[in-house]
Amino acid sequence: MEEASGNRAAALEAENAALREQLQAYETITQFGSRLVAELDLNRLLQAFLEGLTQLTGAAYGAYFEKVLAPLGAEAAQEGWRLSALAGAPAEAFTRFGLPRATALFSPTFLAQGVIRLDDVLADPRYGSLGGMPRGHLPVRSYMALPVLSGTGESVGALLFGHPEPGRFGEREERLATGLAWQAAIAIDNARLFAASRAEIAERAKAQAALAALNDTLEERILERSRALMQAEERLRQSQKMEAVGQLTGGLAHDFNNLLTGISGSLELLQIRIAQGRLDDLDRYLRAARAASDRAAALTHRLLAFSRRQTLAPRATDINRLVAGMEELIRRTMGPDVTVEVIPAPGLWATLVDNNQLENALLNLCINARDAMPEGGRLTIETANRCLDEAAARAKDLPPGQYVSLVVRDTGTGMSPEVAARAFDPFFTTKPLGVGTGLGLSMVYGFVRQSGGQARILTEPGQGTTIWLNLPRHHGPAETEAEPAAQAGSAPAPAPQRHGTSGETVLVVDDEAPIRMLVSDVLSGLGHTTLEAEDGAAALRLLRSATPLDLLITDVGLPGGMNGRQLAEAARALRPGLKVLFITGYAESTALSHGHLGAGMRLLAKPFTLQALAGHVRTMLAGSAAAVP
């Protein structure tokens, strides 16, 4: 009985010992698992995991092979294995033999097919297929291997344990290894996520640092880029400017050389004929020289119109009335094959514009339209009131406000985009050599821009052309009658007729002696007394004297720091009511107060005919009172 009792006590003690051992194993697993979960460095985690498990299982050697995943988007065949941790042996013990071969003994572990536990690997038939251990391999008899699976059941690694003595791994060691492998898989997933997050954070920090560095130098780089662009634009503008200057000077040289040849040749023949005493048929050479000089004057006027430097005499104008007055001339110019339609807008606003220049511009546009319709067609002239807001004005390169539009539309051949882009350039023409000067549209454009407006072209090959002239509205009524003004014509002017000897005195101010001579001779022929001055200072001395004066004729551009406008103002301060006739070949807007002349003032553009000069003088002095003291 005592023996039986002792047996029961021994069995109970053995059971308690087993329970204590099992409890200790569970506590070890729990503690070790907590340590694994807390570790986020993957390399340290794997090494600690392997060393602890090697110790718990009583193995002499332990190895952990990590599965290397294929890059994102790559084929699974690019996956592989690498030795990540080693316990109980130096690294050379494994690394010199490379990775385990895909044999019946090793493949099940790497393919996650389950646990392999052998009491004596040398006695296992699967070992025999290996042909024995490689020379220098660690002595292994007891062998245990198991896969490490992630939470999704995927293989993330493989554990291999060995011992030089047989029978060292039993069910207990297998349970320990399996339990810890499951916890290790979770820890490995966490460590990998942490490593990936840290890598992403590092990458973001690197990107943010790069962005900060980029921002630090952004302003400087923008300035540098802007400077480079501005330099490139300046070079382009300079190139375009030189191209335009070359085209302009080439056209000028061509046209003026032709005109000068006609003038100089005619004068030379006149000189030869007079020297020979052959005085018959001299008028032919005089007419040729005069015609060439008239064409030179017209060319100069067109160039000034293009450059917006021509002399303008703006008046409050009703464009409907102006078009109606030209309608018959336009119909005759167009010929029978072109139908002319005029569409005047009711209640059209007035605009401040030079009537003569606007008539020339309209006639020029109509002639261009006729030439674009060689087989006939329709010409439409239309007027309209237009209000331009910010967006519409910006699109037309104009200030916002109210405008009067004069539109000329034809059904002709139209223009290509390349031709339309250059249509307003001086001396650019698509007409045959000798037919067009290339200054018509450039003159129209310059005149409209100088008048505060804008010209625009809408055209398409085969679809005709429309040209808009937008001119600022004048707030006030239009003038009903044009002030008479003598115009220079192409026909020879008759000699000025003497107009009494009433004894009016005229002061002529011009820095060019030949011009002073010509003007004085014309005025003397009209019976007037003339005084001459070459600049403003000399003129002021005469104005301050007691000499009576009825009229001041002065150039606008004078040397010595005082222009013609300033001289006129000083003259009127000294002699209120003195009439003033400006003569100029280049009227600066500042000198003429932006084209506005005061009462008792007129302007005559050079070159002028002597008959035109005489007409202006007669008109200004007609019915005048006695000389202004």
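In what order do the five strands of the open sheet with parallel pairing run? The order is E14-E13-E15-E16-E17, where strands (E, at least two residues) and helices (H or I, at least four residues) are DSSP runs numbered from the N terminus, and two strands pair if DSSP finds at least two bridges between them.

This is a predicted model, in which local features need pLDDT of at least 70 and side-chain atom pairs count only at pLDDT 80 or more, while totals for chains, interfaces and linings use all residues. Residues are numbered from 1 along each chain as its sequence is written, and side-chain values use heavy atoms, with hydrogens and water left out.

Strand E14 (529–533) and strand E17 (601–605) are the edge strands, each pairing on one side only, and the twist averages 20 degrees from one strand to the next. Strand E16 (residues 579–584) pairs with E17 in the parallel sense over five bridges, and Leu581 has Arg602 in E17 as its bridge partner.

| Helix | Strands touched | Angle between directions |
|---|---|---|
| H13 (residues 513–525) | E13 (505–509), E14, E15 (551–555), E16 | about 170 degrees with E14 |
| H16 (residues 610–621) | E15, E16, E17 | about 175 degrees with E17 |

**The hairpin**

Strand E11 (residues 454–459) and strand E12 (residues 465–474) run antiparallel and are joined by six bridges, with Ile457 standing opposite Ile467 in E12. Five residues lie between the strands of this hairpin, in which Gly462 takes a positive phi near 80 degrees.

Helix H8 (residues 319–334) packs with helix H9 (residues 355–371) at an angle of about 35 degrees, their axes being 10 Å apart. Residues making the contact include Leu322, Met326 and Ile330 of H8 together with Leu358, Leu362 and Cys366 of H9. By class, this contact of H8 with H9 has 12 nonpolar, two polar and two charged residues, where Ala, Val, Leu, Ile, Met, Phe, Trp, Tyr, Cys and Pro count as nonpolar, Asp, Glu, Lys and Arg as charged, and the others, Gly among them, as polar.

Cys366 is buried, with a relative accessible area of 0%, whereas Cys387 is exposed, at 56%; buried means under 20% relative accessible area, exposed over 50%, and partly exposed in between (1.4 Å probe, protein chains only). The count of disulfides, each a pair of cysteine sulfur atoms within 2.5 Å, comes to zero.

Conventions:
Axes fitted to C-alpha atoms, helices over the stretch in contact; angles between N-to-C directions. Contact = heavy atoms within 4.5 Å.
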